[in-house]
Amino acid sequence: MSNAQTSPLLALKNSDADRERIEAAMHTAVETQDAYLTEIASHLIVAGGKRLRPVLSAVAAQVVGAKVSDDVIRGGVACELVHLGSLYHDDVMDEADTRRGVDTVNAKWGNLQAILAGDFLLSRASEIAASLGTEVAGLLARTIGWLCEGQIAELRHTYDVERPETSYYTSIHGKTASLYGTAARIGGIVAGHDQTTIDALTDYGNAYGMVFQIVDDILDITATDEQLGKPAGHDMVEGVYTLPVIRTLTLDTPAAGELTALLGSALDIEQQRRALAIVRSSDGVASAAATAQEYVDRAAAACSSFADTEATAALIAAPAALLANVAIDA
Ligand code: GRG
């Protein structure tokens, strides 16, 4: 299950045409003289994906009514290639078999191919960023570092029932939000917006990314196996304790005590069912959703100085639409 299938960012008047340009630029970006490498590097592009990062770059370019230039599209594509490269590496680390409804690159070709093709995607992203100037090149390089930092922050606390919230925020800022912040910022820089608008777009992208990841983490607990396309509670079983779980663990209730005793190591099937039932019925889910709402508000506040355009309205609506996927019984 994806939490952004019906995003207002995908409903702008010229959105379909821009997405066709994004598709074409994605394929061009990974072409090489080696058909084998091109096939591996294209694998997840062909498989699908929402292309939300380049879409965000394009919408960011339009907040003052600017046309979406080819360079804005290429800047967004650089971000999407970083996203893809990180997925190639992530699937190796997780030994994942499927993604976007197809075999992962590691499952189909092997770990070595997946690592190298992931590196190749980062290389093509860097080349595009360099062609857009030193500011964009430096920003993309820094963002790749943030993704690694986010992933490390997560690894450091796997199976840690005392994982601090600060670790969770550092992790999701690095692994998810920073690339949205960068996609929006690159859209603003390449479109030639003023510095105040560029900074506000960055704040917006970061806040959007925080909502995206918190909602994803809540859905991992609350959605059904069918909706998710994988067993619910997968993160918790893998030892990745996300915000709803961290919040449940810190409650002063017997169920929280039981959860603390259960977690901390691998779970058998019965323990998985019980742990999931505890988190689902606790206040931790609503409390995590309330935090997501704070980021929705932050994203809207970041848009307060933008002109009253269709693009601005879509930016304001998008994070709230993400959170609406989480139905909380009050
Ligand atoms: C090599 C750049 C690099 C990083 C290494 C592996 C790693 C460190 C970071 C990966 C972190 C990671 C998997 C973050 C989650 C990203 C995320 C939000 C995925 C879901 O994105 P969607 O919904 O997916 O946009 P689609 O399939 O639509 O693109």
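Helix H3 passes helix H8 in a right-handed crossing. The model is predicted.

**H3 and H8**

- H3 spans residues 52-61 and H8 spans residues 165-191; their axes come within 7 Å and cross at roughly 40°.
- That angle makes H3 oblique to H8, because angles under 35 degrees count as roughly parallel and 65 to 115 as roughly perpendicular.
- On the H3 side, the contact is made by Leu52, Arg53, Leu56, Ser57, Ala60 and Ala61.
- On the H8 side, the contributing residues are Leu179, Tyr180, Ala183, Ala184, Gly187, Gly188 and Ala191.
- Sorted by class, the contact of H3 with H8 holds nine nonpolar, three polar and one charged residues.

**H1 and H4**

- The crossing in which H1 passes H4 is right-handed.
- H1 supplies Asp18, Arg21, Ile22, Ala25, Met26 and Ala29 to the contact.
- H4 supplies Asp70, Ile73, Val77, Glu80, Leu81 and Leu84.
- The contact of H1 with H4 comprises eight nonpolar, no polar and four charged residues.

**H4 and H7**

- H4 and H7 cross in a right-handed sense.
- From H4, the contact takes in Ala78, Cys79, Val82, Ser86, Asp90 and Met93.
- From H7, the contact takes in Leu140, Ile144, Leu147 and Gln151.
- The residues of the contact of H4 with H7 split into seven nonpolar, two polar and one charged.

**Ligand surroundings**

- An N or O atom in the side chain of Lys50 is 2.6 Å from an oxygen atom of the ligand.
- For the side chain of Arg53, an N or O atom is 3.0 Å from a ligand oxygen atom.
- Arg53 is also one of the H3 residues in the contact with H8.
- For the side chain of His83, the distance from an N or O atom to an oxygen atom of the ligand is 2.8 Å.

Note on methods. Residues numbered from 1 in each chain as written. Predicted model: local features only at pLDDT ≥ 70, side-chain atom pairs only at ≥ 80, totals over all residues. Heavy atoms only, no water. Axes fitted to C-alpha atoms, helices over the stretch in contact; angles between N-to-C directions. Helix = DSSP H or I, 4+ residues; strand = E, 2+ residues; numbered from the N terminus. Parallel < 35°, antiparallel > 145°, perpendicular 65-115°, else oblique. Left-handed = near helix turned anticlockwise from the far one by under 90°. Contact = heavy atoms within 4.5 Å. Nonpolar A, V, L, I, M, F, W, Y, C, P; charged D, E, K, R; others polar. Polar contact = N/O pair within 3.5 Å; in protein donor to acceptor, adjacent residues only side chain to side chain.
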